[in-house]
Every structure is written in C-alpha cells, then in structure tokens.
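Me: I have just opened this entry and would like to learn how to read it. Could you go through it with me, one feature at a time?

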Amino acid sequence: MRLRFSLARLVASTSLVAVVAMGLGGCTGMSKLSDVTGSIGGPRAEAAPTDPVRAIEVYGERYRANPKDADAALAYGQALRANGQRAQAAAVLEQATIANPGNKALLAQYGRALADNGNFQQAYDVLSKAHSPDNPDWRLLSVQGTTLDQMGRHEEARSYYASALKIAPGDPGVLSNLGLSYMLSRDLPKAEEALRQAYASPRAGVRVRQNLGLVVGLQGRFAEAETIVKADLPPDQAAANVAYLKEMLSRSDAPRGAPKRTPVASLSRPD
C-alpha cells in the first residue's frame, strides 16, 4: 500500500481531532471510580460497581436522593463520564459545584467533563479553581495543558506539561500529552522523542503506544509504526489498530471533497 503523508491535512481531519481529543487528558475508566466513591454510604457500602450501567444506577439513585451530596454527585458524574454520557455528567457536576462552592474535587471533575464536551476555555477556567499555585495537582496541570492545546495555544500548553513533569517526573500520560502537543504543531521529531520516553515507562498504557505508532507513521515509517501498534496485543485488536493506522495515514490520498468518516478503533479509546 503506497501512502503519501500530509500532516496539515491529517490534523485538519475530523478523525484525527477525535483521536487527539480522546488521547489528551486523563483516563476516565471505571477502574478509577473507587478513587472517589470509597466513603459513599458509610463503612458497609458495597464495592464500587465495575459495570458502567450498574454504576450509573447505583450512584444515580444516591445522587437523586440528595443532589447536594458532594460525594454522591462526584461518583455519579464520574460514572456518567465513564459511560460516555458527557453532557449529562457536566450538568450533574455543574449543579453540584453550585451546591458545594469551593469543593476542589467537584471542580476538578466538572472541569474534565467540560473538556470532554469540547468547552475548552471554560474547562481551563474551572480547572484553575480546582487547585492553586502553592498546592498544584500535576494531573490537573496536564489536563489544563490539553485544553490549551485544543485551543491552539501549544507553547502555553507545554509549560503546563513541564510543570506537571516537575512534580511527577517521567509520567507516561503527561509525556504522551506533550508528544501530541508537538504533533499538533507539526514538530514530529519532538513528538516522537516525548512519546518514546512515555513508551519506555513500565506504566505506559495502550494509548501511549498507539500515539507513538501514529507519530512514527506520520513520518513515513509505516512498517515500524505497524510493529509498534500491534506488539503484544490479541490478534483482533492488533488488526483493528493496524487498519486504523492505514486509514489515518492514507487520508491524504482521498479525493478533495470526499466525505470523511470517523473510524472507531482501539487507537481512539481511552485506556
């Protein structure tokens, strides 16, 4: 398959923007629900549900019983985000922040929900209230960086990633965000350098590897990119990732004016 590479056109495509939107920022998976739900319901509370639908049922019931309960709203909002119900999550968390002004945990989740919905300036502003310069949260610094990247403020975004890395040196998620930031500004060598650092971490997830594969492929080294994206994966997931890369990297071959589809593959899913 002959591939011609045009980063400018790829960055402008809806599918690549979708990848970046999913790739930037933190994980919102169900495995993280226990981080905020441990105190809900007291010492006899059931374990955090791992099924997204069940989690929404459990935390939704508790939230509706007392919408002003910060812990219930936090758990419900995070469950909704994990299930892809982004607009509803933002609405729940917005009301919770009104009822609990100054609650930094709620502000942090509300800011993330706004970023999920593409409200990047508002997300940045809310996240700024969720921590302070004298007590910064490196995870929020990284998410703030992603909102700035989405607004095209790449240099400013990288200052946030640098601050996050001073607190959490070598964190693969922050390094991956940094790499995508360079990719968005078409500095592929620096993007690859940051993503290789992320990939070398034993804590690197699947998404880090796929971001690296994408950047390597954008530089014309498709065989190497294919090896990266399918390494140590089940055959079906490896095949999906390779197919996704081929589609992304061949977009510049599509006739001008042809409809652009947003493919769904492992590359665009959160870890």
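**Reading helices, contacts and burial**

Me: Which residues in H9 meet which residues in H10?

Reply: Contact here means heavy atoms within 4.5 Å. From H9, the residues that take part are Trp 138, Leu 141, Ser 142, Gln 144, Gly 145, Thr 146, Leu 148 and Asp 149; they meet His 154, Glu 156, Ala 157, Tyr 160, Tyr 161, Ser 163, Ala 164 and Ile 167 in H10. Sorted by class, this contact has eight nonpolar, six polar and two charged residues (nonpolar: Ala, Val, Leu, Ile, Met, Phe, Trp, Tyr, Cys and Pro; charged: Asp, Glu, Lys and Arg; polar: the others, Gly among them). Please keep in mind that this is a predicted model, in which local features need pLDDT of at least 70 and side-chain atom pairs count only at pLDDT 80 or more, while totals for chains, interfaces and linings use all residues. Residues are numbered from 1 along each chain as its sequence is written, and side-chain values use heavy atoms, with hydrogens and water left out.

Me: How many helices and strands does the protein have?

Reply: Helices (H or I, at least four residues) and strands (E, at least two) are DSSP runs, numbered from the N terminus. Here you will find 15 helices and zero strands.

Me: At what angle do helices H9 and H10 pack?

Reply: Two packed helices are described by the angle between their axes and the distance between the axes. The axes are lines fitted to C-alpha atoms, for helices over the stretch in contact, and angles run from 0 to 180 degrees between N-to-C directions. H9 (residues 138-150) and H10 (residues 154-167) pack at about 165 degrees, with axes 8 Å apart. That is why H9 is called roughly antiparallel to H10 (under 35 degrees is roughly parallel, over 145 roughly antiparallel, 65 to 115 roughly perpendicular and the rest oblique).

Me: Is the crossing of H9 and H10 left-handed or right-handed?

Reply: A crossing is left-handed if the near helix is turned anticlockwise from the far one by less than a right angle, and right-handed if clockwise. H9 and H10 make a left-handed crossing. The crossing of H13 and H15, in turn, is right-handed.

Me: Which residues meet between H13 and H15?

Reply: Val 206, Gln 210, Gly 213, Leu 214, Gly 217 and Leu 218 in H13 touch Gln 237, Asn 241, Leu 245, Met 248 and Leu 249 in H15. Six of these residues are nonpolar, five are polar and none is charged. The axes of H13 (residues 206-218) and H15 (residues 235-249) come within 10 Å and cross at roughly 35 degrees.

Me: What share of the residues in the protein is buried?

Reply: Buried means under 20% relative accessible area, exposed over 50% and partly exposed in between (1.4 Å probe, protein chains only). Of the 271 residues in the protein, 49% are buried. Helix H8 (residues 120-130) gives you a local view: its buried residues are Phe 120, Ala 123, Tyr 124, Val 126, Leu 127 and Ala 130. Their cover includes H7 (104-116), H9 and H10.

Me: Is His 154 buried or exposed?

Reply: His 154, which sits in H10, counts as buried because its relative accessibility is 17%. Beyond four places in sequence, His 154 touches Asp 149, Ser 181, Leu 184 and Ser 185. Ser 159 is also placed in H10, but Ser 159 counts as partly exposed, at 37% relative accessibility. Leu 180 in H11 is buried, at 0%.

Me: What does the side chain of Asp 171 reach?

Reply: A polar contact is a pair of N or O atoms within 3.5 Å; within protein, one must be able to donate a hydrogen and the other to accept it, and residues adjacent in sequence count only if both atoms are side-chain atoms. The Asp 171 side chain reaches the backbone nitrogen of Val 174 at 3.0 Å. Asp 171 lies in the loop between H10 and H11 (172-184) and is buried, with a relative accessible area of 10%. Leaving aside neighbours within four places in sequence, Asp 171 is in contact with Trp 138, Leu 165 and Arg 203.

Me: Where is Arg 186 placed?

Reply: Look in the loop between H11 and H12 (188-199) for Arg 186. Its phi is near 65 degrees, a positive value in a residue other than glycine. Arg 186 is partly exposed, with a relative accessible area of 49%.
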